[in-house]
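This briefing is meant to be read alongside the sequence and the coordinates. It goes from the overall build to single residues.

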Amino acid sequence: MVTKAEEKDETPIIINNLHKGFGNQKVLNGINLRVARGETTAVLGRSGGGKSVLLKLIIRLQTPDTGSIRIAGQEITDLDEEHLNEVRKKVGFVFQQAALYDSLTVEENVAFPLNRHTKMSQTERKQRVREHLANVGMDRDLGKMPSELSGGMQKRVGLARALVLEPEIVLFDEPTAGLDPITAAEIGDLIVELKQKRKITAMVVTHDVQGAKVFSDRMVFLHEGNVLVEGSFDDLQKSKDQFVAQFLGHGSR
Amino acid sequence: MRGKATDRTDIESENWIIRRFWPDRQYWEMIYLVLFVLGTAIAETLGPGRLLEGVSAAKSLVISGFEWFGDLGLFCASLVRAALAPPYELGELVRQCDSIGLKSLPLVALAGGATGVVLSLQIRDSLTRFGAKSLLPAVIVFSIIKESGPIITGLVLSGRVGAGIGAELGSMKVTEQIDAMEASAVDPYRFLVATRVLACILMLPLLTLAADFCGIFMGWVANTLAQPISLQLFLENGFKNVLFSDFIPPTFKTAVFGFIIGIVACFQGMRTRGGTEGVGRSATSSVVLSSLFVILADVVLVRLILVVYG
């Protein structure tokens with residue numbers, strides 16, 4: 001039951017008893033999670049542990065089997081398409097492989113959400129797009145196609161595209177995976193900057209413990225579809241759990 | 001004597017009852033063809049290897065065949081829902097009309113022209129044998145506007161556009177671009193699928209006109225090389241007995257081909273999985289399935305047009 005208090009609760013992300021499986025394979029096994037406003041939560045865990053699925057469930061790119069997901073005070077599990085899109089506009093999603101539209105230039109990619117959801121004039125839009133590209137240091141490659149960019153550059157453009165509608169919540173799917181340490185650190189810095197300047201709420205799925213230590217306020221360790229430990233990096237380090245210790249051990253060596 | 005006669009009537013009346021439910025001989029070929037095409041389509045959807053895995057495989061084959069058609073139906077339903085409500089993606093529609101229509105024009109014109117030449121060569125030979133050479137322009141015009149033009153356009157487009165859309169949407173699917181579009185609150189059915197299907201429906205009749213034109217013109221050229229005749233005389237002879245009902249229905253039936261090509265290619269593209277290999281599979285299966293269904297639809301539509309206008 002949803003109580004009155006919960007209905008007014010404007011906590012950006014509340015996940016209750018979320019289950020998701022594909023065929024016979026259970027991926028998420030009753031996850032409970034809250035992300036407070038302005039907080040950056042890192043979700044750690046092994047590959048294939050359901051971290052990316054969790055992110056996709058939050059904006060219903062996939063539908064959960066059971067459980068409840070409230071985004072900015074709105075239950076989204078049974079929302080119709082129109083209202084769902086209103087919620088999606090408040091959430092930015094940075095994809096693992098950037099997922100830029102192949103047929104559009106860098107500028108058009110970032111302008112894509114803007115052209116469809118705002119009533120700004122042409123010049124205002126252009127201005128906004130350049131601003132966001134400048135924030136990620138990509139304002140000199142406006143006319144390039146995504147295939148001409150390196151992986152790190154694609155990710156930065158993907159980040160600009162996710163932020164162009166100025167969302168309250170940003171979801172990052174492995175923002176630093178497959179990047180060299182310097183570029184990965186740059187992306188980490190961008191996340192920290194976002195948190196400080198725009199007060200956004202972020203959820204970051206990552207394997208990168210060192211990076212997560214820098215940009216996150218809180219960490220959640222997922223294992224076999226459950227939250228194993230949550231808290232600060234120190235809390236995780238104090239954990240007696242063998243998997244967590246192993247994960248952190250390998251991560252910080 | 002009388003008893004015998006009664007017997008015979010009894011037997012005949014029984015036959016008559018059976019015949020009511022048994023299709024006439026003239027429809028048999030059509031039914032065989034429909035069954036054959038459907039069977040091949042189902043086999044193709046499921047992959048040729050699975051056909052040999054015994055009875056349980058055959059059962060799952062039938063089930064997944066039905067599943068495919070069911071999914072296609074649901075796909076069409078969500079497409080119609082997405083396409084009818086505003087906002088309409090006019091810019092994208094124009095872009096698709098350009099890439100599906102205009103960019104296919106050279107290929108379609110070439111295919112139509114070649115058909116005209118071949119028809120002219122073959123029919124000249126045949127008609128000379130029957131002593132009916134003066135009918136040559138009429139036969140070329142009739143065969144091109146009634147069947148050759150539309151079906152050539154349909155098949156060429158299902159190859160070019162079917163593979164193009166299947167691979168494009170397939171690669172967008174496996175690289176999460178479709179997810180990215182949904183994440184930025186844009187309905188991919190409205191933006192990607194509806195525009196492509198509509199562009200196919202709009203462009204196919206126009207391309208058919210181009211194919212018809214090139215076919216008839218090249219038919220005249222080939223004819224003139226063998227035996228000079230003025231273009232005016234050729235056209236006059238050719239179109240003397242052509243009615244609008246010979247021309248309009250076959251040309252606009254290609255809108256149905258366009259719908260089939262668009263919907264099958266988009267459907268195969270959007271359900272792609274399995275990385276780059278899956279993209280290849282989607283491209284192949286959308287070409288195979290859309291050409292099969294175009295041929296099948298042609299049989300049904302020709303029959304239908306003959307019923308309505310014949």
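The model is predicted. Chain A holds 10 helices and 10 strands, and its radius of gyration is 18 Å, close to the 18 Å that the globule rule gives for 253 residues, so chain A is as compact as a globular protein of that length.

**Chain A overall**
- Along the principal axes, the C-alpha atoms of chain A fill a box of roughly 55 × 45 × 35 Å.
- Of the 253 residues in chain A, 41% are buried.
- Taking contacts in chain A between residues at least 6 apart in sequence, 63% link residues at least 24 apart.

**Nonpolar cores**
- The largest nonpolar core has 112 residues, and the members that touch the most others are A:Val170, A:Leu171 and A:Val204.
- Helix α8 (residues 188–226) of chain B supplies the largest share of this core, with 14 residues.
- Another core, of 10 residues, lies apart from it and includes B:Leu119, B:Ile145, B:Ile216 and B:Phe234.
- Setting aside residues up to four places away in sequence, A:Leu171 touches A:Leu55, A:Ile58, A:Val91, A:Phe93, A:Val94 and A:Met203.
- In soluble globular proteins, nonpolar side chains tend to be buried together.

**Contact between the chains**
- On the chain B side, 10 residues are in contact with 14 residues of chain A.
- The chain B side that touches chain A consists of four nonpolar, three polar and three charged residues.

**A:Asp208**
- A:Asp208 sits in the chain A loop between β8 (201–205) and α8 (209–215).
- A:Asp208 counts as buried because 23 other C-beta atoms lie within 10 Å, the cut-off being 20 or more.
- Beyond its neighbours within four places in sequence, A:Asp208 is in contact with A:Thr176 and A:Ala184.
- A:Thr11 is 197 residues away from A:Asp208 along the chain, and their C-alpha atoms are separated by 26 Å.

- A:Arg60 is not a glycine, yet has a positive phi of about 50°.
- The loop that holds A:Arg60 runs between α2 (51–58) and β4 (66–71) of chain A.
- A:Arg60 has 20 C-beta neighbours inside 10 Å and therefore counts as buried.
- A:Ala99, also a residue other than glycine, has a positive phi near 55°.
- A:Ala99 belongs to the loop between β6 (91–94) and α4 (106–117) of chain A.
- With 24 C-beta neighbours inside 10 Å, A:Ala99 is buried.

How values were computed. Residues are numbered from 1 along each chain as its sequence is written. Chains are lettered from A and ligands numbered from 1 in the order in which they are written. This is a predicted model: local features need pLDDT of at least 70, side-chain atom pairs count only at pLDDT 80 or more; totals for chains, interfaces and linings use all residues. Two residues are in contact if their C-beta atoms, placed from the backbone, lie within 7 Å. Ala, Val, Leu, Ile, Met, Phe, Trp, Tyr, Cys and Pro count as nonpolar, Asp, Glu, Lys and Arg as charged, and the others, Gly among them, as polar. Helices (H or I, at least four residues) and strands (E, at least two) are DSSP runs, numbered from the N terminus. A residue is buried if 20 or more other C-beta atoms lie within 10 Å of its own, exposed if 12 or fewer, and partly exposed in between; C-beta atoms are placed from the backbone. A nonpolar core is a set of buried Ala, Val, Leu, Ile, Met, Phe, Trp, Tyr and Cys residues joined through C-beta atoms within 7 Å. The radius of gyration is taken over C-alpha atoms; the globule rule is 2.2 Å times the number of residues to the power 0.38.
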